[in-house]
Amino acid sequence: MSTGLWLAIIGAGLAAFLPGVGSAIGVGTAGRAAAGVLAEDPDKFGKLFLLVALPGTQGFYGFIAALFIILKVGLLGEPKMVDAVTGLQILLAAVPIIFLGYFSAIFQGKVCTAGVEMTAKKPEASMKPVIYGAMVETYAVLGLLTTIFILNGIKLSGGAHLALERIIEKIKKDAEKKRKEIIGEAEKKREEILQEARKKSEEILKRAEEEKEKLKEARVRSFIGAKKIELNAQLLKKKREILDEVYKEAFSSLRGSEHYLELIKFLLDLLVEKGDEEIILPKNDERITKDFIAKINREKKWNLRISERTADIEGGFLLKSKKREIDASMPRIMEILKEETEVEVSKILFHD
């Protein structure tokens, strides 16, 4: 469970706990006073009941705020991914109802206790202290509304970032696995090349020994140096072939990944500016559907639409607005990813 989700759970717990404690104190205070009055005059129960119950409403407000948080982070089903910053925002959003609910319930209990004493002396004025108690409760209502408004403004976006991190992590794991397979072959190939080079070197040295009067030492060294350069060039070429193969397999894995739609959602969230853009899909791509785009439109309050025409691209999409057209195809994404990770992948494969 992530740190952000823990912070959100703490916010929900405090939102339900402290206003509930305040309501218990307020109801208890007013209830003790009402019990004393009813001991002398039981007929006043109906007039005193509302005064005793009034401080208990803050507990319900706290429960409502806690329920909003629980639903927002998906605790009743599959929990959503919440990063630490978003979790702290949710916790701080619960502060208004936590403190206003707690303190207003206690002070409302004191006001209602005074109202019980007033009703005991003047039963015909029993509704007047109810109004005073309701005035105290107004601030608890404002606290609840503030918490709800702030919660509605907080957006959860950790899931898409996590999908991209998983894809990158999978590429690294595949690269590590491929490295172990290729290194063995490369080591074997390197040994063969070295053995062949040693054999040729021995032949050259032997020939040089036989023809030492005809060949100068400088020419022999120049010839061996040229062979070393040739071997280095072959090794560099082999490294490039290995890197190209790794990214080719990573591209195939990315296209068939179970997180493909999560990546598409993340790219749309990153690239969409006004929400009225046109999405141009690849030919014969059945994974990005109208229902998928409609769901994103409902969540983001956009008006994206799928173009009637298609593009000759392998996965991903083109995002067209009135001013420009953005290439978010899979080959383009892999090209960017290759630029950012090629050095790191090369270090993993060859320990450079």
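**Reading the labels**

Tutor: Start with helix α11, residues 330–350: Glu335 and Arg332 both lie there, three residues apart, which is about one turn of the helix. Helices (H or I, at least four residues) and strands (E, at least two) are DSSP runs, numbered from the N terminus. The model is predicted, so local features need pLDDT of at least 70 and side-chain atom pairs pLDDT 80 or more, while totals for chains, interfaces and linings use all residues. Residues are numbered from 1 along each chain as its sequence is written, and side-chain values use heavy atoms, with hydrogens and water left out.

Student: What makes the contact of Glu335 and Arg332 a salt bridge?

Tutor: The term asks for a side-chain nitrogen of Lys or Arg within 4 Å of a carboxyl oxygen of Asp or Glu. The N to O distance for Glu335 and Arg332 is 3.2 Å, so the pair qualifies.

Student: How many salt bridges does the structure hold?

Tutor: The count is eight. One of them joins Lys200 and Glu196, also at 3.2 Å, N to O. These two residues are four apart in helix α7 (residues 158–210), so about one helical turn separates them.

Student: What does the salt bridge of Lys265 and Glu299 tie together?

Tutor: The side chains of Lys265 and Glu299 meet at 2.9 Å, N to O. Lys265 belongs to helix α9 and Glu299 to helix α10, so the bridge ties together parts that are 34 residues apart in sequence. Lys265 is partly exposed at 32%, and Glu299 is partly exposed at 42%.

Student: How do you know which strands are the edges of the sheet?

Tutor: Two strands pair if DSSP finds at least two bridges between them. The sheet is open, with four strands in the order β2-β1-β3-β4 and mixed pairing. β2 (305–311) and β4 (325–329) each pair on one side only, which makes them the edge strands. From one strand to the next, the twist averages 25 degrees.

Student: In which sense do β1 and β2 run, and how many bridges join them?

Tutor: They run parallel and are joined by four bridges. Four meets the requirement of at least two, so β1 and β2 count as paired. Within this pairing, Leu281 stands opposite Thr310 in β2. β1 is mostly covered, with five of its five residues buried.

Student: And in which sense do β3 and β4 pair?

Tutor: β3 (residues 316–320) and β4 are antiparallel, over five bridges. Phe317 has Ala328 in β4 as its bridge partner. Helix α9 (residues 260–271) packs on the sheet and touches β1 (278–282), β3 and β4; its direction makes about 20 degrees with that of β3. Touching, or contact, means heavy atoms within 4.5 Å. Axes are lines fitted to C-alpha atoms, for helices over the stretch in contact, and angles run from 0 to 180 degrees between N-to-C directions.

Student: Why is Thr147 called buried?

Tutor: Its relative accessible area is 0%, so Thr147 is buried. The residue lies in helix α6 (residues 127–153). Not counting residues up to four places away in sequence, Thr147 touches Ala65, Ala93, Ala94, Pro96 and Ile97.

Student: What makes Phe63 count as exposed?

Tutor: Phe63 has 51% relative accessibility, so it is exposed. Phe63 is found in helix α3 (residues 57–73).

Technical notes
Buried < 20%, exposed > 50% of the residue type's maximum accessible area, 1.4 Å probe, protein only.
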